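Subject: Structure handover

Hello,

Here is the structure I promised to pass on. Please open it alongside this email.

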Amino acid sequence: MDYKVQVGVQSHLEMGPLDDRTMEDLDDECLFPSEMDAQKTQSVDPNQHISVPGSLPFNGNKMTRNGVYKSIKTVVFSNKLNLLMPFGPLAILVHKMTDSSGWVFFLSLLGITPLAERLGYATEQLAFFTGPTVGGLLNATFGNATELIISIYALKSGMKRVVQLSLLGSILSNMLLVLGCALFCGGLVYHGKEQVFSKATAVVNSGLLLMAVMGLLFPAVLHYTHTERIVGKSELALSRFSSCVMLLAYAAYLVFQLKSQTDLYVPLGEEVNQNGENLDNNDDDEDEAPEISKWESIIWLAIMTAWISILSDYLVDTIEGASDAWDVPIAFISVILLPIIGNAAEHASAIMFAMKDKLDISLGVAIGSSTQISMFGIPFCVVIGWMMGQEMDLNFQLFETATLFITVIVVAFFLQEGTSNYFKGLMLILCYLIVAASFFVHEDPPTDDQSKQPGT
């Protein structure tokens, strides 16, 4: 401070009287010229680097490295579940060194688990930049990417039955286990009241699920009643026609949801309660800020999808060997184990939103994902199989079709009131345990289709 006073006195002698100005004003007046002089001195020194626009490329590499390190730290090292990621390369190594299909399948399953969760995380980050409507669609699409990738690889290998069972298991897992856990956890947190959600969303999704059951039911009935006009071809033709109709219905549903009735469907729009009050507040906005940029999200989506595709190939190749080694039916592995891994992202996000009293979003994740698998995933695989020359049809057999039909009816009854509590969630979880036990003791009857598969 003595140096500043000395400079101030010198400025007073040079500039005249101080008038009514305070010492703080004089301090500021003296400091600014000193800083400007220092900048002028630095600008003429050729040995020093200064921060001017021309120097940005010089520091660009360092900024890029810092950005990459921060992105990797956020995506890879921020979740304890990512400790399972090394099991993916380990599965490939075991496959190259040994012939143990059971271990390769188990390690691949563990390796895919964190990738499926991180795929959902990257999708949620990208949704911040696309808006809530498109973001909800992206979340449902990439949330089911793991099941679709596994199904395409299985279809390429001629394993039509694995495709059918894994997609069916994804629907059952989302409707019973994921939704049940969300309702149960949300009910425990808010045990003093009943949580509410939009009945409009539940009604429309239940209708679409019943339409999907219809599409699966008629080919099965046609097959088991032996009433085909052309044996072996009518069933396949009906399946392909129904698949095209279901894809058209799902496209119309998207247009209806995204364009016509955006204010009616809360999970993909603004978060409001049934009284029209906005549930968002400043704290939620701060908590839900994006952690990575738009292009980082896209790059991580591509990386995770590619890595899941590689592990899915090993998973599909060893599923039959794992079934024999563990003495577990392929139906149980396909319907129960694979969907639980693939639905890791939906499971975590649905529970998280339910515990925040945002049950509409939980419903959109669980039921919306089931709707997309049934109205888009299954028909899409039929069309892809058609293009590949594989006779993929909608005949899921009577046991599986009946299970889906009863599940849709049960969930529709639970959701018809528009309210939820932990008891409803517990009932759905117990229903899933019954389904899991049923598929553990169930074995597919031998059919002509199985005799056409490679290796049988």
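Below is what turned up, from the overall fold down to single residues.

**Ground rules**

This is a predicted model, in which local features need pLDDT of at least 70, side-chain atom pairs count only at pLDDT 80 or more, and totals for chains, interfaces and linings use all residues. Residues are numbered from 1 along each chain as its sequence is written, and side-chain values use heavy atoms, with hydrogens and water left out.

**Overall**

The protein has 19 helices and two strands. Both are DSSP runs, numbered from the N terminus: helices are H or I with at least four residues, strands are E with at least two. Buried residues make up 46% of the 456 residues. Buried means under 20% relative accessible area, exposed means over 50%, and partly exposed lies in between (1.4 Å probe, protein chains only). Contact means heavy atoms within 4.5 Å. Take the contacts between residues at least 6 apart in sequence: 81% of them join residues at least 24 apart.

**H16 and its two partners**

Start with helix H16 (residues 359-388) and helix H9 (residues 199-224). Their axes come within 10 Å and cross at roughly 30 degrees. Axes here are lines fitted to C-alpha atoms, for helices over the stretch in contact, and angles run from 0 to 180 degrees between N-to-C directions. H9 and H16 are therefore roughly parallel. The angle classes are: under 35 degrees roughly parallel, over 145 roughly antiparallel, 65 to 115 roughly perpendicular, the rest oblique. The crossing of H9 and H16 is left-handed. That term applies if the near helix is turned anticlockwise from the far one by less than a right angle; clockwise is right-handed.

On the H9 side, the contact residues are Ala202, Asn205, Leu208, Leu209, Met211, Ala212 and Leu216. They meet Leu363, Ile367, Gly368, Ser370, Thr371, Ser374, Met375 and Ile378 in H16. By class, this contact of H9 with H16 has ten nonpolar, five polar and no charged residues. Nonpolar covers Ala, Val, Leu, Ile, Met, Phe, Trp, Tyr, Cys and Pro; charged covers Asp, Glu, Lys and Arg; the others, Gly among them, are polar.

Now helix H8 (residues 160-189). H8 and H16 pack at an angle of about 175 degrees, with their axes 9 Å apart. H8 and H16 are therefore roughly antiparallel. From H8, the contact includes Val163, Leu167, Asn174 and Ala182. From H16, it includes Leu359, Ser362, Ile373 and Cys381. The contact of H8 with H16 has 15 nonpolar, seven polar and no charged residues.

- Ser362 is in helix H16. Ser362 counts as buried, at 1% relative accessibility. Leaving aside neighbours within four places in sequence, Ser362 is in contact with Ala182, Ala350, Phe353 and Ala354.
- Leu208 is in helix H9. Leu208 counts as buried, at 11% relative accessibility. Not counting residues up to four places away in sequence, Leu208 touches Tyr253, Thr371 and Met375.
- Gln372 lies in helix H16. Gln372 counts as buried, at 4% relative accessibility. The C-alpha atoms of Gln372 and Leu209 are separated by 9.2 Å; the two are 163 residues apart along the chain.

**Aromatic rings**

Rings of Phe, Tyr and Trp (its six-membered ring) pair if their centres lie within 6.5 Å; planes under 30 degrees apart are stacked, over 60 edge-to-face, the rest tilted. By this rule the count comes to eight aromatic pairs.

Phe105 and Trp326 form an edge-to-face pair, 5.6 Å centre to centre with 70 degrees between the planes. Phe105 is in helix H5 (residues 101-130) and Trp326 in helix H13 (residues 319-326), 221 residues apart. Phe105 is buried at 0% relative accessibility. Trp326 is partly exposed at 34%.

Phe184 and Tyr422 are also edge-to-face: 6.5 Å centre to centre, 70 degrees between the planes. Phe184 lies in H8 and Tyr422 in helix H18 (residues 422-440), so the pair ties together parts 238 residues apart in sequence. Phe184 is partly exposed at 24% relative accessible area. Tyr422 is partly exposed at 40% relative accessibility.

Tyr250, Tyr253, Phe376 and Phe380 form one aromatic cluster.

Best wishes
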